Amino acid sequence: MIFFIQSNTVNINNYTIKDIPGSTGRLDVISRCILAALLNKDDFELQNEIWVFLKNYGNFIFKPKKFNYAIFPKNELLLTKYFVKIIKNECLYGETKLNPLHNIEKIKEDMVTSIHHFITKGFKIYVLLESGIPIYQFDRKELFREDTLFIIGSQVGMTFDYTQFSSNDITPLSLNNKSYLASSVIRLITVLAKISE
(Lines give C-alpha, C1' and ligand atoms only; values in the text may rest on other atoms or scores of the structure.)
Protein backbone atom coordinates (compact mmCIF):
# COMPACT_ATOMS: atom_id res chain seq x y z
CA MET A 1 0.00 0.00 0.00
CA ILE A 2 1.07 3.54 -0.65
CA PHE A 3 0.27 6.57 1.47
CA PHE A 4 0.40 10.16 0.21
CA ILE A 5 0.62 13.08 2.61
CA GLN A 6 1.06 16.72 1.70
CA SER A 7 1.92 19.81 3.70
CA ASN A 8 1.90 23.42 2.59
CA THR A 9 2.93 24.69 6.03
CA VAL A 10 6.26 23.02 6.79
CA ASN A 11 8.95 25.66 7.20
CA ILE A 12 12.36 24.79 8.62
CA ASN A 13 14.01 28.22 8.37
CA ASN A 14 14.00 28.50 12.16
CA TYR A 15 14.31 24.79 12.92
CA THR A 16 15.51 23.83 16.38
CA ILE A 17 15.45 20.30 17.73
CA LYS A 18 14.32 21.71 21.10
CA ASP A 19 10.97 22.80 19.63
CA ILE A 20 10.13 20.77 16.56
CA PRO A 21 6.36 21.55 16.48
CA GLY A 22 6.89 25.29 16.92
CA SER A 23 9.93 25.72 14.70
CA THR A 24 9.08 23.59 11.65
CA GLY A 25 5.50 24.36 10.69
CA ARG A 26 4.51 20.98 12.14
CA LEU A 27 7.08 18.76 10.49
CA ASP A 28 6.55 16.67 13.63
CA VAL A 29 3.19 15.56 12.22
CA ILE A 30 4.87 14.44 9.00
CA SER A 31 7.53 12.56 10.99
CA ARG A 32 4.88 10.72 12.99
CA CYS A 33 3.14 9.72 9.75
CA ILE A 34 6.40 8.37 8.30
CA LEU A 35 7.02 6.30 11.42
CA ALA A 36 3.42 5.04 11.43
CA ALA A 37 3.68 3.93 7.81
CA LEU A 38 7.10 2.32 7.95
CA LEU A 39 7.50 0.74 11.38
CA ASN A 40 5.76 -1.90 13.41
CA LYS A 41 6.82 -3.25 16.78
CA ASP A 42 9.83 -5.21 15.57
CA ASP A 43 10.58 -4.37 11.95
CA PHE A 44 9.59 -2.42 8.86
CA GLU A 45 6.12 -2.60 7.36
CA LEU A 46 7.56 -3.83 4.08
CA GLN A 47 4.24 -3.67 2.22
CA ASN A 48 3.95 0.09 2.82
CA GLU A 49 5.46 3.18 1.22
CA ILE A 50 4.86 6.80 2.14
CA TRP A 51 5.24 9.72 -0.27
CA VAL A 52 5.68 13.11 1.39
CA PHE A 53 4.90 16.26 -0.59
CA LEU A 54 6.29 19.44 0.98
CA LYS A 55 5.28 22.57 -0.89
CA ASN A 56 8.40 24.53 0.05
CA TYR A 57 11.01 21.77 -0.10
CA GLY A 58 10.19 19.08 -2.61
CA ASN A 59 8.74 15.60 -2.69
CA PHE A 60 10.18 12.51 -1.01
CA ILE A 61 9.49 8.78 -1.21
CA PHE A 62 10.18 6.53 1.77
CA LYS A 63 10.47 2.86 0.79
CA PRO A 64 11.32 0.60 3.75
CA LYS A 65 13.18 -1.91 1.58
CA LYS A 66 15.78 0.78 0.91
CA PHE A 67 16.57 1.45 4.57
CA ASN A 68 18.51 -0.43 7.23
CA TYR A 69 16.21 -1.20 10.15
CA ALA A 70 19.10 -1.46 12.63
CA ILE A 71 20.06 2.21 12.17
CA PHE A 72 16.74 3.68 11.04
CA PRO A 73 15.62 6.52 13.39
CA LYS A 74 12.71 5.04 15.30
CA ASN A 75 11.41 8.09 17.12
CA GLU A 76 10.06 11.45 16.03
CA LEU A 77 13.02 13.46 17.34
CA LEU A 78 15.70 11.50 15.49
CA LEU A 79 13.67 11.08 12.31
CA THR A 80 13.05 14.82 12.12
CA LYS A 81 16.72 15.58 12.77
CA TYR A 82 17.89 13.42 9.86
CA PHE A 83 15.03 14.41 7.57
CA VAL A 84 15.85 18.10 8.03
CA LYS A 85 19.42 17.37 6.99
CA ILE A 86 18.12 15.67 3.83
CA ILE A 87 15.76 18.56 3.09
CA LYS A 88 18.51 21.13 3.61
CA ASN A 89 21.02 18.98 1.75
CA GLU A 90 23.42 19.58 4.64
CA CYS A 91 25.42 16.37 4.29
CA LEU A 92 28.93 17.16 3.13
CA TYR A 93 30.59 15.14 0.38
CA GLY A 94 31.38 11.69 1.76
CA GLU A 95 29.02 12.13 4.73
CA THR A 96 25.75 11.39 2.94
CA LYS A 97 25.76 7.70 3.80
CA LEU A 98 26.16 8.54 7.49
CA ASN A 99 22.57 9.77 7.39
CA PRO A 100 20.31 6.72 7.87
CA LEU A 101 17.75 8.34 5.54
CA HIS A 102 20.20 8.79 2.66
CA ASN A 103 18.22 6.34 0.49
CA ILE A 104 15.16 8.58 0.37
CA GLU A 105 14.06 9.15 -3.21
CA LYS A 106 13.46 12.77 -4.16
CA ILE A 107 11.16 13.40 -7.11
CA LYS A 108 10.13 16.47 -9.09
CA GLU A 109 6.51 15.46 -9.68
CA ASP A 110 3.96 17.08 -7.38
CA MET A 111 1.11 15.18 -5.76
CA VAL A 112 -1.45 15.79 -8.52
CA THR A 113 0.96 14.58 -11.21
CA SER A 114 1.84 11.54 -9.09
CA ILE A 115 -1.83 10.71 -8.59
CA HIS A 116 -2.40 10.80 -12.34
CA HIS A 117 0.54 8.42 -12.70
CA PHE A 118 -1.06 5.90 -10.34
CA ILE A 119 -4.45 6.27 -12.01
CA THR A 120 -2.88 5.23 -15.32
CA LYS A 121 -1.31 2.24 -13.56
CA GLY A 122 -4.77 1.08 -12.45
CA PHE A 123 -4.39 1.76 -8.73
CA LYS A 124 -7.45 2.08 -6.51
CA ILE A 125 -7.16 5.50 -4.86
CA TYR A 126 -8.90 6.65 -1.70
CA VAL A 127 -8.78 10.00 0.08
CA LEU A 128 -9.31 9.73 3.84
CA LEU A 129 -11.94 12.19 5.03
CA GLU A 130 -14.36 12.24 7.95
CA SER A 131 -17.13 12.94 5.44
CA GLY A 132 -16.16 10.02 3.19
CA ILE A 133 -17.98 6.75 2.54
CA PRO A 134 -17.88 4.58 5.69
CA ILE A 135 -15.29 1.84 5.51
CA TYR A 136 -17.81 -0.88 6.40
CA GLN A 137 -19.42 -0.39 2.99
CA PHE A 138 -16.29 -1.69 1.24
CA ASP A 139 -15.06 -5.20 0.68
CA ARG A 140 -11.94 -5.39 2.86
CA LYS A 141 -9.94 -7.65 0.55
CA GLU A 142 -10.65 -5.31 -2.35
CA LEU A 143 -9.86 -2.23 -0.26
CA PHE A 144 -6.46 -3.37 1.00
CA ARG A 145 -4.86 -4.66 -2.18
CA GLU A 146 -1.19 -4.06 -2.97
CA ASP A 147 -2.18 -1.63 -5.73
CA THR A 148 -4.01 0.72 -3.38
CA LEU A 149 -3.13 4.33 -2.69
CA PHE A 150 -4.42 6.21 0.35
CA ILE A 151 -4.28 10.01 0.43
CA ILE A 152 -4.31 11.42 3.95
CA GLY A 153 -6.76 14.33 3.90
CA SER A 154 -7.47 17.37 6.07
CA GLN A 155 -4.14 17.38 7.86
CA VAL A 156 -1.04 19.56 8.28
CA GLY A 157 -1.97 22.35 5.91
CA MET A 158 -3.24 20.04 3.19
CA THR A 159 -5.38 21.81 0.59
CA PHE A 160 -5.67 19.00 -1.96
CA ASP A 161 -8.99 19.16 -3.82
CA TYR A 162 -9.83 15.59 -4.82
CA THR A 163 -12.97 16.77 -6.68
CA GLN A 164 -10.73 17.80 -9.58
CA PHE A 165 -10.53 14.09 -10.37
CA SER A 166 -13.27 11.80 -11.63
CA SER A 167 -15.28 10.03 -8.94
CA ASN A 168 -14.18 6.83 -10.69
CA ASP A 169 -10.54 7.70 -9.99
CA ILE A 170 -10.61 8.80 -6.34
CA THR A 171 -13.05 7.63 -3.68
CA PRO A 172 -13.56 9.50 -0.38
CA LEU A 173 -13.23 7.04 2.51
CA SER A 174 -14.06 7.47 6.19
CA LEU A 175 -12.73 5.24 8.95
CA ASN A 176 -15.26 6.60 11.40
CA ASN A 177 -17.32 9.70 12.08
CA LYS A 178 -14.71 10.98 14.52
CA SER A 179 -11.40 12.77 14.11
CA TYR A 180 -8.14 10.82 14.07
CA LEU A 181 -4.59 12.04 13.94
CA ALA A 182 -3.05 11.45 10.52
CA SER A 183 -0.53 8.97 11.98
CA SER A 184 -3.36 7.08 13.69
CA VAL A 185 -5.21 6.83 10.38
CA ILE A 186 -2.14 5.24 8.78
CA ARG A 187 -1.71 2.73 11.62
CA LEU A 188 -5.41 1.81 11.56
CA ILE A 189 -5.30 1.16 7.83
CA THR A 190 -2.14 -0.93 8.19
CA VAL A 191 -3.65 -3.03 10.99
CA LEU A 192 -6.96 -3.49 9.15
CA ALA A 193 -5.06 -4.57 6.04
CA LYS A 194 -3.27 -7.30 8.00
CA ILE A 195 -6.51 -8.50 9.58
CA SER A 196 -8.10 -8.68 6.13
CA GLU A 197 -5.35 -10.83 4.57
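Predicted model: local features only at pLDDT ≥ 70, side-chain atom pairs only at ≥ 80, totals over all residues.

Colleague: Thanks. How many salt bridges does a search of the whole structure find?

Modeller: The search finds 9 salt bridges. A salt bridge here is a side-chain nitrogen of Lys or Arg within 4 Å of a carboxyl oxygen of Asp or Glu.

Colleague: Which residue does E45 form a salt bridge with?

Modeller: E45 pairs with K194, and their closest N and O atoms are 2.9 Å apart. This pair links distant parts of the chain, 149 residues apart: E45 sits in the loop between α2 (27-38) and β2 (49-54), and K194 is in helix α6 (residues 182-195). Helices (H or I, at least four residues) and strands (E, at least two) are DSSP runs, numbered from the N terminus.

Colleague: Is E45 buried or exposed?

Modeller: E45 counts as buried, at 1% relative accessibility, whereas K194 is partly exposed, with a relative accessible area of 37%. Buried means under 20% relative accessible area, exposed over 50%, and partly exposed in between (1.4 Å probe, protein chains only).

Colleague: And what about E105, which residue forms a salt bridge with that one?

Modeller: That is K66, with the closest N and O atoms 2.8 Å apart. E105 belongs to strand β4 (residues 105-107) and K66 to the loop between β3 (58-62) and α3 (76-88), 39 residues apart. E105 is partly exposed at 23% relative accessibility, and K66 is partly exposed with a relative accessible area of 39%.

Colleague: Which residues do salt bridges that share partners join into one network?

Modeller: R26, D28, R32 and E76 are joined that way.

Colleague: New topic: why is β1 largely enclosed by the rest of the structure?

Modeller: Strand β1 (residues 2-7) is largely enclosed because 6 of its 6 residues are buried. I2, F4 and Q6 point one way, and F3, I5 and S7 the other. In a regular strand the side chains alternate between the two faces of the sheet.

Colleague: In what sense do β1 and β2 pair?

Modeller: They pair in the parallel sense over 6 bridges; two strands pair if DSSP finds at least two bridges between them. Q6 stands opposite F53 in β2, and the bridge partner of F3 in β2 is I50. Strand β6 (residues 148-152) also runs parallel to β1, joined by 3 bridges, with L149 as the bridge partner of I2.

Colleague: How many residues lie between β2 and β3 in their hairpin?

Modeller: There are 3 residues between them. β2 and β3 pair in the antiparallel sense over 5 bridges, and I50 stands opposite F62 in β3. In β2, 5 of the 6 residues are buried, so this strand is largely enclosed by the rest of the structure.

Colleague: Last one: how many residues line the largest pocket?

Modeller: The largest pocket is lined by 13 residues, and M1, L46, Q47, N48 and E49 lie nearest its centre. On a 1 Å grid over the protein atoms alone, a pocket is an open set of points where a 1.4 Å probe fits, with protein on both sides within 12 Å along at least five of seven lines; lining residues have an atom within 4 Å of a point.

How values were computed:
Residues numbered from 1 in each chain as written. Heavy atoms only, no water.
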